[in-house]
Amino acid sequence: MYIISSCLLGNNCKYDGGNNENRKVIEFYKKHSCCTVCPETMGGLASPRMPAEIVGDKVIDKAGLDKTRAFEIGALRAWDHVLKQAERRREKIEGAILKSNSPSCGNGKIYDGTFSKRLTQGDGIFVRILKENNIKIISEKEIDLW
Ligand code: SF4
């Protein structure tokens with residue numbers, strides 16, 4: 001079973017009310033057993049919502065509000081959902097295809113906290129949990145690797 005960021009499948013859970021639909025990810029989804037998650041909506045955040053970025057050990061939205069708790073709860077709920085799905089289906093978790101640069105789903109590179117589209121090294125809050133559990137992660141840009 002593969003974990004997939006919901007917005008990559010065309011679901012409108014992105015901060016601006018839209019999505020990050022990716023044709024290759026959708027093709028992959030049709031051919032494999034997948035578990036779809038959006039950690040931010042699972043943390044109770046609405047769509048649309050203010051964009052948020054990681055600043056130090058917190059997640060702050062563009063209005064300056066601290067959204068760390070919602071991001072952390074959402075990431076834990078998403079991971080719990082994945083574990084329950086894997087158990088119910090009796091499948092191993094093969095890996096994850098997650099949206100690049102997101103404060104939840106970004107792997108290795110995330111926005112730098114200045115809301116200027118600049119990137120810095122780091123992982124999203126959900127990705128941190130997956131790495132603690134040794135889950136292989138790629139972004140939608142690397143889908144050809146699988
Ligand atoms: S939290 Fe992940 S799945 Fe949800 S909109 Fe952001 S990048 Fe997409």
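The legends below describe several close-up views of a predicted model. Residues are numbered from 1 along each chain as its sequence is written. Because the model is predicted, local features are described only where pLDDT is at least 70 and side-chain atom pairs count only at pLDDT 80 or more, while totals for chains, interfaces and linings use all residues.

View 1. The secondary structure comes to four helices and eight strands, where helices (H or I, at least four residues) and strands (E, at least two) are DSSP runs numbered from the N terminus. Read from the N terminus on, these elements follow the order β-α-β-α-β-β-α-β-β-β-α-β. The radius of gyration, which is taken over C-alpha atoms, is 14 Å, close to the 15 Å that the globule rule gives for 146 residues, so the chain is as compact as a globular protein of that length. The globule rule itself is 2.2 Å times the number of residues to the power 0.38. Along the principal axes, the C-alpha atoms fill a box of roughly 40 × 25 × 25 Å. Two residues are in contact if their C-beta atoms, placed from the backbone, lie within 7 Å, and of the contacts with a separation of 6 or more, 60% join residues 24 or more positions apart.

View 2. A residue is called buried if 20 or more other C-beta atoms lie within 10 Å of its own, exposed if 12 or fewer, and partly exposed in between, with C-beta atoms placed from the backbone. Buried residues make up 37% of the 146 residues in the chain. A nonpolar core is a set of buried Ala, Val, Leu, Ile, Met, Phe, Trp, Tyr and Cys residues joined through C-beta atoms within 7 Å. The largest such core has 32 residues, of which Ile4, Ala78, Ala96, Ile97 and Phe126 touch the most other members. Two or more residues each are given to this core by strands S1 (2-5), S3 (52-55), S5 (95-98) and S6 (109-111), and by helices H3 (68-89) and H4 (125-132). H3 provides the largest share of this core, six residues.

View 3. Leaving aside neighbours within four places in sequence, Ile97 is in contact with Tyr2, Ile4, Ser5, Leu8, Val25, Phe28, Ile138, Glu140 and Ile143. Gly95 has its place in strand S5, and Gly95 is partly exposed, with 16 other C-beta atoms within 10 Å. With neighbours within four places again left aside, the contacts of Gly95 are Tyr2, Ile135, Lys136, Ile137 and Ile138.

**View 4. Helix H4 and the residue that follows.** The buried residues of H4 are Ile125, Phe126, Val127 and Leu130. These buried residues pack against helix H2 (39-42), strand S4 (58-61), H3, S5 and strand S8 (137-139). After H4 comes Asn134, whose phi is positive, near 60°.

View 5. Val55 stands opposite Lys58 in S4. Two residues lie between the strands of this hairpin, in which Gly56 takes a positive phi near 65°.

**View 6. Loops with particular backbone angles.** Most residues other than glycine have a negative phi, and most peptide bonds are trans. In the loop between H3 and S5 lies Arg90, whose phi is near 60°, a positive value in a residue other than glycine. Arg90 is exposed, with 7 other C-beta atoms within 10 Å. Asn101, in the loop between S5 and S6, has a phi near 70°, which is also positive. Pro48 is found in the loop between H2 and S3, and the peptide bond from Ser47 to Pro48 is cis, with omega near 5°.

**View 7. The residues around the ligand.** A residue is near a molecule if its C-beta atom, placed from the backbone, lies within 6 Å of it. The residues around the ligand are Ser5, Ser6, Cys7, Cys13, Lys14, Cys38, Pro39, Glu40, Lys99, Ser102, Ser104 and Cys105. This shell divides into five nonpolar, four polar and three charged residues. Here Ala, Val, Leu, Ile, Met, Phe, Trp, Tyr, Cys and Pro count as nonpolar, Asp, Glu, Lys and Arg as charged, and the others, Gly among them, as polar.

Note on methods
Two strands pair if DSSP finds at least two bridges between them.
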